[in-house]
Amino acid sequence: GRRIAQPQEIIVTVQVQLMNWKIAHEMRASQPEPKTVQRWEPPDEGWVKINSDGAVSKHGDKGGGGAVFRDHHGAFRAGMCHFFPNTVDPEMAEVLACRRAVQETINLHIQRAHVELDNQAVFLMLNSPEKSLSVVGPWVQDIKAMLHSMEEAKVTCVSRSGNVAAHKLAKVGVGDNRSELWVGSPPDFLLDVIADEIPSFV
């Protein structure tokens, strides 16, 4: 028949199995949880979402901004890029880009505007009831006043991965020294991003 294992053998076997179990669980625990990539989300029905972004050049000698306007179907309404020749501060580029975007929102007669940025500091300034006393304060107050003139408006913050289209436009603004507005149809370099971010209502 089968040989009965000695107590010492059983203990060693159990210890080895325990060690293997511990290693396997430690390895599993040490693996970072996969980060959920934030994607662009459409606004509520009847609203237009305006994603805005600012950028400065690699050499820090000029700035740019970009914004994209989309409805709750993800359909492109308008897009813009801007060149800010003397803007070297990233926060200032963000605020100037947002200000241009909100000005265009009024020009397009949009009454329910959902402005979305990927800059936490600017987001907090725009949502604060207090008057901004920073260097960009006057522009922040200007944006707030324009938003208050609309029927409804709100400002939210999103990660860079949820602000791809506006970021791409900002890079064109600063990289090509370009200021341009597109209404109805996006520029070719933006088509893939717009198409990829159209929500699937499945």
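Colleague: How many bridges join β1 to β2?

Modeller: There are 8 bridges, and the two strands run antiparallel. Strands here are DSSP E runs of at least two residues and helices are H or I runs of at least four, numbered from the N terminus; two strands pair if DSSP finds at least two bridges between them. This is a predicted model, where local features need pLDDT of at least 70, side-chain atom pairs count only at pLDDT 80 or more, and totals for chains, interfaces and linings use all residues. Residues are numbered from 1 along each chain as its sequence is written, and side-chain values use heavy atoms, leaving out hydrogens and water.

Colleague: Which residue in β2 is the bridge partner of serine 52?

Modeller: Alanine 67. The hairpin of β1 and β2 has 6 residues between the strands, and glycine 60 there takes a positive phi near 70°.

Colleague: In what sense do β1 and β4 pair?

Modeller: Parallel, over 4 bridges. Lysine 49 stands opposite histidine 114 in β4.

Colleague: And what is the order of the strands in the open sheet?

Modeller: β5-β4-β1-β2-β3-β6, 6 strands with mixed pairing. β5 (152–157) and β6 (180–183) are the edge strands, each pairing on one side only.

Colleague: Which helix touches β4 and β5?

Modeller: Helix α3, residues 120–127, packs on the sheet there. Its direction makes about 150° with that of β5; axes are lines fitted to C-alpha atoms, for helices over the stretch in contact, and angles run from 0 to 180 degrees between N-to-C directions.

Colleague: Back to β1: why call it largely enclosed?

Modeller: Because 8 of its 9 residues are buried, meaning under 20% relative accessible area with a 1.4 Å probe, protein chains only.

Colleague: Changing topic, where is aspartate 53 found?

Modeller: In strand β1, residues 48–56. Aspartate 53 is buried yet has no salt bridge, which would take a side-chain nitrogen of Lys or Arg within 4 Å of a carboxyl oxygen of Asp or Glu.

Colleague: Which side chain of opposite charge is nearest?

Modeller: Arginine 160, 4.1 Å away. Lys and Arg count as positive, Asp and Glu as negative, and His and the chain ends are not counted.

Colleague: What does histidine 167 do with aspartate 53?

Modeller: Their side chains are joined by a polar contact of 2.8 Å. That term is a pair of N or O atoms within 3.5 Å; within protein, one must be able to donate a hydrogen and the other to accept it, and residues adjacent in sequence count only if both atoms are side-chain atoms.

Terms used
Buried < 20%, exposed > 50% of the residue type's maximum accessible area, 1.4 Å probe, protein only. Contact = heavy atoms within 4.5 Å.
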